[in-house]
Amino acid sequence: MTSLNHTGVSHTVFRLLGIPGLEDQHKWISIPFFISYVISLFGNNLLIFIIVTKRSLHEPMYLFLCMLAGADVVLTTCIVPQALTVFWFNAGKISLNCCIAQVFFYSSIFISESGILLVMAFDRYIAICYPLRYTTILTYSLIGKIGMFIFFRSFGTMFPIIFLLKRLTYCQNNNIAHTFCEHIGLARYACNDIRVNIWYGFFVIVSTVIIDILLIFVSYMMILSAVFQMPSKNARQKALNTCGSHVCIIILFYGPAVFTSLAQRFGRHIPPHVHILLANVFILVPPVLNPIIYGIKTKQIREQMANIFFSKQK
C-alpha cells in the first residue's frame, strides 16, 4: 500500500471483473439487479411525478421526499447499468477518469441522501413539536436553501477526492474485483502512499454521515420526549405514525451501510464475493423500498397512486 518503488507507468484503463468467483452465475445475478433497477426507476420517478404535479403535496415533507427519490434515481443509475454491462457482456473496461467520476458521483449522492434524511428528521421534529408554526418555519425559501446546502456540502466534500485519486500512479494490477469503482478500492491499486486518501475519506464520513446520524438520533429523542408528554393516547399514536415511514427509511439506508462497513473491516474470513454482493445490496435495497414504504404508509401518496392506476378503469 505504501510502497514507492514503481516505474512511473500508470494505468489509464481498468477492467471491472464483476463478482470474482461467481463468474458462472453472472447472468443469474443480473436478473435481480435488473428487476431491482427497473422497480427503483419506476417507483421513484412515479413518486417524483405525483409530488410535482399535485399541488396538495407541495408541503415540506413531500418536497424532501421528492429530493430523496431524485437522489435514489441518480445513485442507482451511477452504479447498476455499469454492473449490468459486466454481467451481460463481460464489458468491464472503464477509463481512469470515468472510474474517478463514478467514485465522485456515487459518494456525493450517498452524502446527499444522508443530509436529506437529517432534514426529514428535522421536518418531523417541527411538525410534532411546533405544529402551529410548521408552515412559517419551513417556508419554500428555507427549503430551497436547505436543498442548496445539501448539494454544496456533498459535492464540496467529495471534490478533493478527484485530485487525491488523480495524483496517484496506478502501476499495479488494473483488474478491479468489483462491479463499480470505490475510493479506497481504487486507491489500493496505486504504488504511492495512500494514507492521505484514507484519512481524508475518514474525515468525509465523520464530518457528514456520522454527524447526520447523531443529529437524527438527537432529533428523535426530542420527538419522543414531546410525544410522550401528549395527554391523549390517540394524539401520541398519530404523532408516532407520522414518523414511521421516515424511521423505516433511516434503517434501510444506514443499516446496510453500517453492516457492509463492519463486514469489510472485521470480516476478514468472509469471501470477497460476499463483500461485493453486500455493497451492491446496500445500493439497491433502499431505492427499491423507499417509494413502496411511503406509498403504503402515507395516505396522501397512496390515494394519488390509486387515482393514477384506477381512474382510467372507471
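**Labels and their grounds**

Mentor: Start with a charged pair: the side chains of Arg124 and Asp123 meet N to O at 2.8 Å, a salt bridge. Keep in mind that this is a predicted model.

Trainee: Why is the pair of Arg124 and Asp123 called a salt bridge?
Mentor: The cut-off is 4 Å from a side-chain nitrogen of Lys or Arg to a carboxyl oxygen of Asp or Glu. The N to O distance for Arg124 and Asp123 is 2.8 Å. That is within 4 Å, so the label holds. In general, side chains of opposite charge can pair when their charged atoms come close.

Trainee: Are Arg124 and Asp123 buried or exposed?
Mentor: Buried means under 20% relative accessible area. Arg124 has 8%, so Arg124 is buried. Asp123 has 1%, so Asp123 is buried as well.

Trainee: How many salt bridges does the structure hold?
Mentor: Three. Another joins the side chains of Arg153 and Asp212, at 2.8 Å from N to O. This pair links distant parts of the chain, 59 residues apart. Arg153 sits in helix H5 (residues 140–166), and Asp212 in helix H7 (residues 195–227).

Trainee: What makes Arg153 count as buried?
Mentor: Its relative accessibility is 16%. The limit is 20%, and Arg153 falls under it, so Arg153 is buried. Asp212 has 1%, so Asp212 counts as buried too.

Trainee: Which side chains meet at 2.6 Å?
Mentor: Those of Asp193 and Arg195, in a salt bridge.

Trainee: Which residues line the largest cavity?
Mentor: Met61, Met120, Asp123, Arg124, Thr242, Ser245, His246 and Tyr294. The search of the whole structure finds one cavity of 30 Å³ or more. The space in the largest cavity is about 50 Å³. Helix H3 (96–129) and helix H8 (233–266) each supply at least two residues of the lining.

Trainee: How does that lining divide by residue type?
Mentor: Into three nonpolar, three polar and two charged residues. Asp and Arg count as charged, so Asp123 and Arg124 belong to that class.

Trainee: How do you know that His246 is buried?
Mentor: Its relative accessibility is 2%, so His246 is under the 20% limit. His246 lies in helix H8. Beyond its neighbours within four places in sequence, His246 is in contact with Leu117, Met120, Ala121, Tyr220 and Tyr294.

Trainee: What about Asn290: buried or exposed?
Mentor: Asn290 has 3% relative accessibility, so Asn290 counts as buried. Asn290 is found in helix H9 (residues 272–297). Leaving aside neighbours within four places, its contacts are Leu68, Asp72, Ile249 and Leu252.

Trainee: What makes a set of residues a nonpolar core?
Mentor: The members are buried nonpolar residues joined through side-chain atoms within 4.5 Å. The largest such core has 80 residues. Leu165, Tyr170 and Leu186 have the most contacts inside it. H3 gives the largest share of this core, 18 residues. Apart from it lies another core, of 11 residues, among them Leu22, Ile29, Leu84 and Phe87. In soluble globular proteins, nonpolar side chains tend to be buried together.

Note on methods: Residues numbered from 1 in each chain as written. Predicted model: local features only at pLDDT ≥ 70, side-chain atom pairs only at ≥ 80, totals over all residues. Heavy atoms only, no water. Helix = DSSP H or I, 4+ residues; strand = E, 2+ residues; numbered from the N terminus. Buried < 20%, exposed > 50% of the residue type's maximum accessible area, 1.4 Å probe, protein only. Contact = heavy atoms within 4.5 Å. 1 Å grid on protein atoms, 1.4 Å probe; cavity = no way out; pocket = protein on both sides within 12 Å on 5 of 7 lines; lining within 4 Å. Points joined across faces, edges and corners; volume = space filled by probe spheres on them.
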